[in-house]
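Here is a short briefing for a reader new to this structure. Look over the sequence and the model before reading on.

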Amino acid sequence: MRKILLYTAIFIILAALLLLILLRQHSPFGSSNSDFTVRPEKEITRIEFQQDGKKLILEKEGEGWLVNGKAEARKGGISFITRILTEARIKSPVSEDVFRKEISETDISPVQVKVFEGRKMLKSFRVYKTTSNRYGNIMKIKERSKPFIVEVPGYELNIGSAFTLNERYWQPYTIFSLVPSEISSVRMENFSEDSASFSIVRREGKYVLSDSRNELSTYDQSLIIRYISYFTFIPFEKWALELTEKEKKIILDSEPLFRITVISAEGSKKVLTLWKMIQTKDGEAVPDTDRLWGCTDGSTDIFSVRYFDIDPVLKKISYFFN
């Protein structure tokens with residue numbers, strides 16, 4: 001009798017412990033279908049994105065991160081994606097009918113995400129980027145799993161945009177990063193005031209200033225040296241991922257405000273083109289007084305630039321004369 005009571009007590013205790021574990025892990029949708037949160041023991045060390053046969057890898061190397069094993073990764077981008085991965089929560093479920101209409105019928109291919117700590121894969125899920133909600137995503141753990149809109153609590157903007165295979169997005173937001181000794185020439189074209197355009201060429205340790213036709217004299221060499229020094233660091237604000245292809249084409253086909261061409265001492269060339277940014281306020285289209293649109297080297301990847309950052313190199317030729 002005592003043995004029966006002992007076995008019964010042990011069974012009840014084990015059953016209670018099992019029930020407690022199940023309750024802690026309980027999810028109204030099933031944890032295997034709905035747990036998007038990554039929980040590393042120490043830290044995430046590798047993130048992989050795959051989509052349509054392409055692959056991008058972010059991997060921790062020492063104290064920093066690399067993009068595809070070669071380029072330095074932007075600290076802000078890594079901080080943002082790791083916050084998403086470790087704080088992701090379900091905002092709301094998505095019905096199969098809605099998923100079919102918004103994703104399947106529009107041929108949106110998923111970004112397959114894999115997250116690692118060392119060699120151990122911590123989590124794998126699929127991100128369908130969409131504009132149908134302000135969080136910019138519908139996610140699934142597996143292809144046959146239930147779909148959900150996922151959010152980061154306290155962050156009300158698009159998190160789907162962070163799941164991108166665009167290498168430029170992950171690299172530092174830098175337009176120019178050249179010290180004066182690395183610059184051979186600069187050409188500044190002002191399309192709204194052609195007479196203000198100029199070029200600077202380095203010859204035998206000195207800089208020569210020219211307008212659109214002739215070399216000039218009596219300019220202040222120290223002002224040219226100061227101007228050249230501004231190219232040591234010129235950042236842009238962010239990639240314009242919210243623009244549609246039609247909106248991009250309108251910008252790229254319009255006349256720019258400025259174009260700056262910099263040739264390095266080694267002969268490499270970088271061309272920055274800048275356009276007026278138009279914002280809608282109270283139903284009217286007005287120029288943005290704080291920002292411009294920009295792109296480099298004929299790319300169709302457009303970014304926004306703050307006047308605060310770019311203004312030092314938007315000089316007129318008159319700047320170099322006392």
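This is a predicted model: local features need pLDDT of at least 70, side-chain atom pairs count only at pLDDT 80 or more; totals for chains, interfaces and linings use all residues.

- In soluble globular proteins, nonpolar side chains tend to be buried together.
- What does Ile260 touch, leaving aside its neighbours within four places in sequence? Its contacts include Phe176, Val186, Arg187, Met188 and Phe231. Lys270, Val271, Leu272, Val313 and Leu314 are also in contact with Ile260.

**The largest pocket**

- Rolling a probe the size of a water molecule over the atoms shows where empty space is left.
- The lining of the largest pocket has 38 residues. Lys129, Asn158, Ser161, Leu241 and Glu242 are the closest to the pocket's centre.
- Four named elements each give two or more residues to this lining: β15 (238–239), α7 (245–253), β17 (269–281) and β18 (284–296).
- By residue type, the lining of the largest pocket splits into 14 nonpolar, 12 polar and 12 charged.

**The second largest pocket**

- About 410 Å³ of space lies in this pocket.
- Its lining has 18 residues. Nearest the centre are Gln171, Thr174, Ile175, Lys270 and Thr296.
- At least two lining residues come from each of β10 (174–176), β16 (258–264) and β17.
- Which element gives the most to the lining of the second largest pocket? That is β10, with 3 residues.
- The lining of the second largest pocket divides into 8 nonpolar, 6 polar and 4 charged residues.

**Two loop residues with positive phi**

- Asp107 is not a glycine, yet its phi is positive, near 55 degrees. It sits in the loop between α4 (96–104) and β6 (111–117).
- Is Asp107 buried or exposed? Asp107 counts as exposed because its relative accessibility is 68%, and exposed means over 50%.
- Thr218 is another residue other than glycine with a positive phi, near 65 degrees. Its loop runs between β13 (206–210) and α6 (221–229).
- Thr218 has a relative accessible area of 70%, so Thr218 is exposed.

**Thr45 and its surroundings**

- Thr45 lies in the loop between α2 (31–34) and β1 (46–51).
- A polar atom of the Thr45 side chain lies 2.7 Å from the backbone nitrogen of Gly118.
- Leaving aside neighbours within four places in sequence, Thr45 is in contact with Leu58, Glu59, Lys60, Trp65, Phe116, Glu117 and Gly118.

- Ser185 belongs to strand β11, residues 183–190.
- Why does Ser185 count as buried? Its relative accessibility is 15%, and buried means under 20%.
- Beyond its neighbours within four places in sequence, Ser185 is in contact with Ile200, Val201, Thr261, Val262 and Ile263.

Methods. Residues are numbered from 1 along each chain as its sequence is written. Side-chain values use heavy atoms; hydrogens and water are left out. Contact means heavy atoms within 4.5 Å. Buried means under 20% relative accessible area, exposed over 50%, partly exposed in between (1.4 Å probe, protein chains only). A polar contact is a pair of N or O atoms within 3.5 Å; within protein, one must be able to donate a hydrogen and the other to accept it, and residues adjacent in sequence count only if both atoms are side-chain atoms. On a 1 Å grid over the protein atoms alone, a cavity is a set of points where a 1.4 Å probe fits but cannot get out, and a pocket is an open set with protein on both sides within 12 Å along at least five of seven lines; lining residues have an atom within 4 Å of a point. Ala, Val, Leu, Ile, Met, Phe, Trp, Tyr, Cys and Pro count as nonpolar, Asp, Glu, Lys and Arg as charged, and the others, Gly among them, as polar. Grid points are joined across faces, edges and corners, and a volume is the space filled by probe spheres set on the points.
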